[in-house]
Amino acid sequence: RVDSKKLSLEMFHSGKSLVEIARDRGFAKTTIEGHLVHYVGLGKLEVSLFVTEEKLRKISSYLESADTRSLGEAKAFFGDDMSYTELRFGLKYLEFLENKN
């Protein structure tokens, strides 16, 4: 049985974009994001591939002051300045850092 997340990771490493992987595999882009965010959470994929340092700082600052880690509330706070994709990857990366310590 093929590990779906691992296959998405391998395709990403081969140079394919999230959209290309989703198209080739017949999945929604959000599904592929979920596969790759898993590896960011394990520290096996650099978050900087998906979120700029500046946006990561903003996400981190927001989450430190927020009562919740709801993506919906974070998206409402940032509006068009931040995508759900960036928020997903940023949140998972921060969880990785917290769990590492």
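Reader: Does Ile 59 count as buried or exposed, and at what relative accessibility?

Author: The model is predicted, so local features need pLDDT of at least 70, side-chain atom pairs count only at pLDDT 80 or more, and totals for chains, interfaces and linings use all residues. Residues are numbered from 1 along each chain as its sequence is written, and side-chain values use heavy atoms, with hydrogens and water left out. Buried means under 20% relative accessible area, exposed over 50%, and partly exposed in between (1.4 Å probe, protein chains only). Ile 59 therefore counts as buried, at 1%.

Reader: In which helix does Ile 59 lie, and how far is Ile 59 from Ala 74 in space?

Author: Helices are DSSP runs (H or I, at least four residues), numbered from the N terminus. Ile 59 belongs to α4, residues 53-65. Ile 59 and Ala 74 are 15 residues apart in sequence, and their C-alpha to C-alpha separation in space is 8.2 Å.

Reader: Which residues of α5 and α6 meet?

Author: Contact means heavy atoms within 4.5 Å. On the α6 side, the residues are Tyr 84, Leu 87, Arg 88 and Leu 91. On the α5 side, they are Leu 71, Gly 72, Ala 74, Lys 75 and Phe 78.

Reader: How do the residues of this contact divide into nonpolar, polar and charged?

Author: Ala, Val, Leu, Ile, Met, Phe, Trp, Tyr, Cys and Pro count as nonpolar, Asp, Glu, Lys and Arg as charged, and the others, Gly among them, as polar. The contact of α5 with α6 accordingly holds six nonpolar, one polar and two charged residues.

Reader: Why are α5 and α6 described as oblique to each other?

Author: Axes are lines fitted to C-alpha atoms, for helices over the stretch in contact, and angles run from 0 to 180 degrees between N-to-C directions. Angles under 35 degrees count as roughly parallel, over 145 as roughly antiparallel, 65 to 115 as roughly perpendicular and the rest as oblique. The axes of α5 (residues 71-78) and α6 come within 10 Å and cross at roughly 125 degrees. The two helices are therefore oblique.

Reader: Which residues of α2 are buried, and why do they lie on the same side of α2?

Author: In α2, residues 18-25, the buried residues are Leu 18, Ile 21 and Ala 22. The arc is that of the directions from the helix axis to the C-beta atoms. These residues lie on the same side of α2 because they cover an arc of only 100 degrees around the axis.
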